[in-house]
Amino acid sequence: MGGMTGSLIFLAMSLVLLFVSMVRPDSLGGLRSSAIDKITPLYSALSAPFYELADILGNVTGMAALQAENAQLKSENIRLREWYQTALMLQAENASLQELLNLKIETPQGFVSTRVIADSGNAFAQSAVVVAGANDGVEKGEAVLSGEGMIGRIIETGAVSARVLLLTDFNSRVPVVVEGTRQRAILAGTNGAMLAITHLPPDSNLQDGQKMVTSGQGGLFPPGLPVGRVVTTENGMKYVKPFADMGNVTYVRILDLPQDPNLIRGSDEIEAIIP
Amino acid sequence: MTVDWRERIGWLWRMALVQAVTLILLILGTLSFAIPYLSEIRPYFVMMAIFYWSIYRPSVVSPVLVFMLGLALDILTQAPIGLNAFIFVVLQWVVSHQRVFLMGQPYVMIWIGFGFTAALCASIQFLMYLILSGGVPLPTDTLVASTILTFVLFPPVSLIFIFLHRLLPQTA
C-alpha cells in the first residue's frame, strides 16, 4: 500500500511541475542551464568515442569513394583558383572604391566555433547543446551557423555550455528577406523539417529555389546569413527548407551579437576636411 | 543468519551498477550523435529500464527514483518540466501492479506488453503536449517512428538487464 501512496505523491508533484511549466515556462530556465553545465564534462567524455567511431567508419568506408572524389576535387580546384584570382581583384577594387567614398562598413563579426554535444532527442523541442558558454563570451540571442547556413539561436547560457533553439522548433521566429528582392518575411518553425513563411505581403511572388537570408531587422541577427531555400510541398504550400541539416550538425559557429545593425557610424575624418 | 559484510558490499556495488546503467541509458537518450534523423527519432531507453525492473525487481525502480529520472530527462531535453516525470511514475505504477501477471508470461508476451506500454506513453506525451501548448499537435510521424524503434530495440537492450539481473542477489 505504501508504494501506491508514494506513486500518488509523485504523480501529484509532476502534475504541479507541469502546471508551473505551463503557466510560467521561464521560471525553471535557470535550473536547466545550470544542470546542463554540470553534466557537460560527462557529455563531452561520452560523445568523444562516438565522434571517433564516426571518423574511423568514414575513413574505412570512404576509401573507394576517395579516388573519384579526388579527381573531382582536382578539377574543382582549378576552377576555384580562377575564382580566387577574381575575388582578390574584386576585393582590391572594392577596398579602393570604399576608400574613395569614405564609407565605413560594419566591423567584421566576431565568432566562437564549438561542438554540438547533445540534442533534444525528442519531438517536443528542437534544440541542441554546445560546449561553449558565458565563459567563452556566448550570449543569449546570438545566431548559430553550421557550414551550410543558420541553424538557430542561443536561448540559454551556462558557464561552459549553451542551448541552441533550432530554426525548426515551434517557438523559433527569424526575420528574413528574399535574396535579391526587398520582400521581407518571418520564418516560423513547425517542429518538422520545413519552415513556415509568415507575414509575407500577399502580392509577393515567391519562386521555388529562391534563397532566404536574415534581414537583420530587430537587430538580433546580422543581415545576410543564409537560412534556406523556397520549396513547394505536395499540397501546394510554399515552405522554406533550411540549408543546414539540423539533425546532422557536429560543429557550429556562434556569431557575436551585432553592435547595432541599424546604425552605421560614419567616419570622424570627414569633419576634418570640412573647413 | 547474519550476512557477511563483504557480501553486503558486493550487493551494494551490484545495485549501484544497475542504477549506473539506467543513468547511462538516460544520457544516451540525449547525446548528440550527428546522425541524420536521430535527434528526433530516438528510442526511449529509460522506459525500457523502468518497464523491465518494475516487473522483475521492483525495488530497483522506486516511485521517487523514476520521478527523479523523468525530471532529469525533462531538464536535459527541454521538454516541459514534469512531463516525463509524470509518464514514468504512471508507467512504474501501472506495470508494478501487473507484475504478478506479467512475470508468468513468456518473453514474447512481455515484449508485446512493452510495445503497448510504449504506445501508451507516446499517446500520453502527445495529449499532454497538446494541452500544454494550447492545441499544437506534435509531429506524429516522429513520435510513431520513435515508438516503433523503442519496441524493436527492447529485446537487445533487455539482454543487458537480464545480465544485470543475474548479478543481483535473490532477495533485495
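User: How many helices and strands make up the secondary structure of chain A?

Analyst: In this predicted model, chain A has three helices and twelve strands. Of its 275 residues, 38% count as buried.

User: What share of the contacts in chain A with a separation of 6 or more comes from residues 24 or more positions apart?

Analyst: Such residues account for 55% of those contacts.

User: Why is Asn191(A) called buried?

Analyst: The relative accessible area of Asn191(A) is 3%. Buried means under 20%, so Asn191(A) is buried. Asn191(A) is found in the loop between β7 (184–189) and β8 (195–198) of chain A. Its phi is near 70°, a positive value in a residue other than glycine.

User: What makes His199(A) count as exposed?

Analyst: The relative accessibility of His199(A) is 66%. Exposed means over 50%, and His199(A) therefore counts as exposed. His199(A) lies in the loop between β8 and β9 (211–214) of chain A. Although His199(A) is not a glycine, it has a positive phi of about 55°.

User: Why is Val160(A) called partly exposed?

Analyst: Val160(A) has a relative accessible area of 36%. Buried means under 20% and exposed means over 50%, with partly exposed in between. Val160(A) is therefore partly exposed.

User: Where is Val160(A), and which residues does Val160(A) touch, not counting residues up to four places away in sequence?

Analyst: Val160(A) is in the loop between β4 (150–157) and β5 (162–166) of chain A. With those residues left out, Val160(A) touches Asp37(A), Thr40(A), Val130(A), Val131(A), Ala132(A), Gly133(A) and Asn135(A). Val160(A) and Ser33(A) are 127 residues apart in sequence, and their C-alpha atoms are 9.8 Å apart in space.

User: What makes Ala16(B) count as partly exposed?

Analyst: Ala16(B) has 44% relative accessibility. Ala16(B) is in helix α1 of chain B. The C-alpha atoms of Ala16(B) and Val136(B) are separated by 41 Å, while the two residues are 120 apart along the chain.

User: Why are α6(B) and α7(B) called roughly antiparallel?

Analyst: The axes of helix α6 (residues 107–132) and helix α7 (residues 140–167) of chain B come within 10 Å and cross at roughly 150°. Angles over 145 degrees count as roughly antiparallel, so α6(B) is roughly antiparallel to α7(B). The crossing is right-handed. Residues that make the contact include Trp111(B), Phe114(B) and Gly115(B) of α6(B), and Thr147(B), Phe151(B) and Pro155(B) of α7(B). By class, this contact of α6(B) with α7(B) has 14 nonpolar, six polar and no charged residues.

User: Why are α1(B) and α7(B) called roughly antiparallel to each other?

Analyst: α1(B) and α7(B) pack at an angle of about 165°, with their axes 9 Å apart. The cut-off for roughly antiparallel is over 145 degrees, and α1(B) and α7(B) are therefore roughly antiparallel to each other. α1(B) passes α7(B) in a left-handed crossing. Arg14(B), Leu17(B), Val18(B), Val21(B) and Leu25(B) in α1(B) meet Val157(B), Ile160(B), Phe161(B), Leu164(B) and Leu167(B) in α7(B). The contact of α1(B) with α7(B) divides into nine nonpolar residues, no polar residues and one charged residue.

User: What makes α1(B) roughly parallel to α3(B)?

Analyst: The axes of α1(B) and α3(B) come within 11 Å and cross at roughly 25°. Angles under 35 degrees count as roughly parallel, so α1(B) is roughly parallel to α3(B). The crossing of α1(B) and α3(B) is right-handed. In α1(B), Gln19(B), Thr22(B), Leu23(B) and Leu26(B) meet Leu65(B), Leu69(B), Ala72(B) and Leu73(B) in α3(B). This contact of α1(B) with α3(B) has six nonpolar, two polar and no charged residues.

User: Which residues touch the most other members of the largest nonpolar core?

Analyst: They are Trp53(B), Phe86(B), Phe88(B) and Phe161(B), in a core of 56 residues. Elements that give two or more residues to this core include α1 (2–23) of chain A and α2 (45–56) of chain B. The largest share, ten residues, comes from α2(B). Phe88(B) touches Val46(B), Ile50(B), Val66(B), Leu69(B), Gly70(B) and Leu73(B), not counting residues up to four places away in sequence. Apart from this core lies another, of 36 residues, among them Met150(A), Ile154(A), Val178(A) and Leu206(A).

Terms used:
Residues numbered from 1 in each chain as written. Chains lettered and ligands numbered in written order. Predicted model: local features only at pLDDT ≥ 70, side-chain atom pairs only at ≥ 80, totals over all residues. Heavy atoms only, no water. Axes fitted to C-alpha atoms, helices over the stretch in contact; angles between N-to-C directions. Parallel < 35°, antiparallel > 145°, perpendicular 65-115°, else oblique. Left-handed = near helix turned anticlockwise from the far one by under 90°. Contact = heavy atoms within 4.5 Å. Nonpolar A, V, L, I, M, F, W, Y, C, P; charged D, E, K, R; others polar. Core = buried A, V, L, I, M, F, W, Y, C linked by side-chain atoms within 4.5 Å. Buried < 20%, exposed > 50% of the residue type's maximum accessible area, 1.4 Å probe, protein only.
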